[in-house]
Amino acid sequence: GPGDGPGDGPGDGPGGDGNDKRCQFNMTQRAFHSHRTLEDILLSTEYDASSRPEVAREKDLKNKPTAVTWTLATKGFSISEKANTVTLTGEVTESWVDERLAFNYTQGDTCPSDSPPVWTVSKSHYYQIWRPWLYISNQVSTSDISNAGSSLKVDADGTVTWTYNTLITARCALDLKRSPFDTQTCGVDVMSLSYDAFEMEISGAAYSTQPTLEWKMLGDAKVSSNSAVKEGPDAQTTGPSYAVLEVRFEFKRRNGYQIREIFVPAILYLLLAYCGFWIDRNVAPARVAISVIPVLITRTLLNSVYATSQLLPYVNVLTLYLNILSYLNILAVCQYALVQRCIQDEKKALLRLKGLAKMRDVIDALVDA
């Protein structure tokens, strides 16, 4: 419309009469009254989305690396012991400075009076702006980034902020030896998909969220910026070095359920099994029941633990505890089996004793006669 293009209306560019009181955005010596017009003209004709900001500005491929900040505001998480993975949901914010998009503005009737305006890029123009294309190198799966759940904004100084919701499932080497009294360290490794360590620097932060029923985060993540070398197509060669942002959360297990539903009942059933020692040894049904039932219950508890965890090449605190109690319960059953054997031997001995007593009576009768 009139006044929406460069230099085609009053006050829209050099040579205008300056009587237009609308908010005016100035970029590359041009003036625009709407972001949509700016996007249609500038991004389509004068902006190269394939070049990093530093390269485009200096026309030098060896220019300084682009500094990118990656921030994760965690909203939820879960840990899978069977799959050795951690799943994080939250909002990711990536920001960098692209001076090609910097602008100033002439304040008018439609301009805010308290702060400079922010250019909110239309979703249809997202792919016309350079982005760092970061990815999670230790991911198992990551949700697709939809335009519906994201926003891309540009401040007046050229700071670009890209925000989107994500669901990340990443590999995590769980050490379950102390389960359920364990603390696990899991996280994500953020890398660039296209730019090596000489072209991009990555920094950032990650924030904790509310605990789940089984785990809680021990504060915000520990973040460190390192570099990693991608392997080449064969074992003899290696690829370039890439910047890596290592984000590590510490998770502590909330073990109230295991203590309440496994540890305490298991030891009580062991005591129940050994209470059978005070029952008359000749009452076999009662003694067998009070010895065998704790064995079955303890084994059921152990099977429930195995069903929710991976097959481990080692024992942990919980399985070791239940196995020891199972062996002690089985020992109580074996003890009563030994008692039954002794009772049978006693009965045989009594029969022999009665026979000998009768024989003695016969011999005594003969001697008296």
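W130 and Y195 are both buried, where buried denotes under 20% relative accessible area, exposed over 50%, and partly exposed the range in between (1.4 Å probe, protein chains only). The model is predicted, and local features need pLDDT of at least 70, side-chain atom pairs count only at pLDDT 80 or more, and totals for chains, interfaces and linings use all residues. Residues are numbered from 1 along each chain as its sequence is written, and side-chain values use heavy atoms, with hydrogens and water left out.

**Aromatic pairs**

Rings of Phe, Tyr and Trp (its six-membered ring) are paired if their centres lie within 6.5 Å; planes under 30 degrees apart count as stacked, over 60 as edge-to-face and the rest as tilted. The count under this rule is ten aromatic pairs. W130 and Y195 form a tilted pair, 5.8 Å centre to centre with 55° between the planes. W130 lies in the loop between β6 (119-120) and β7 (134-136), and Y195 in the loop between β11 and β12 (200-207), so the pair ties together parts that are 65 residues apart in sequence. Strands (E, at least two residues) and helices (H or I, at least four) are DSSP runs, numbered from the N terminus.

Y274 and F277 form an edge-to-face pair, with 5.1 Å between centres and 75° between planes. Y274 is partly exposed at 24% relative accessible area, and F277 is partly exposed at 36%. One aromatic cluster is formed by Y127, W133, W162 and Y164.

Y164 also belongs to the surroundings of G149, which touches T163, Y164 and N165, residues up to four places away in sequence not being counted; contact here means heavy atoms within 4.5 Å. G149 is located in the loop between β8 (139-142) and β9 (150-154) and is partly exposed at 30% relative accessibility.

**Salt bridges**

Side chains of opposite charge can pair when their charged atoms come close. A salt bridge is defined as a side-chain nitrogen of Lys or Arg within 4 Å of a carboxyl oxygen of Asp or Glu, and the whole structure contains eleven. Three of them are tabulated below.

| Salt bridge | N to O distance |
|---|---|
| D189 and R248 | 2.7 Å |
| E250 and K222 | 3.9 Å |
| R341 and D345 | 3.9 Å |

E250 in strand β15 and K222 in strand β14 (residues 222-231) are 28 residues apart in sequence, so their bridge ties together separate parts of the chain. E250 is partly exposed at 28%, whereas K222 is exposed at 58%.

For the pair D189 and R248, the link joins strand β11 (residues 183-192) to strand β15 (residues 238-253), across 59 residues. D189 is buried at 14% relative accessibility, while R248 is partly exposed at 26%.

R341 and D345 both lie in helix α5 (residues 317-368), four residues apart, about one turn of the helix. Salt bridges that share partners also join E81, D182, E214 and R253 into one network.

**Second largest pocket**

A pocket is an open set of points on a 1 Å grid over the protein atoms alone where a 1.4 Å probe fits, with protein on both sides within 12 Å along at least five of seven lines; lining residues have an atom within 4 Å of a point. The second largest pocket holds about 310 Å³ of space, a volume being the space filled by probe spheres set on the points. Of its 17 lining residues, Q258, I262, V305, T308 and L318 are the closest to its centre. Helices α3 (256-275) and α4 (284-307) each supply at least two lining residues, and α3 gives the most, with four.
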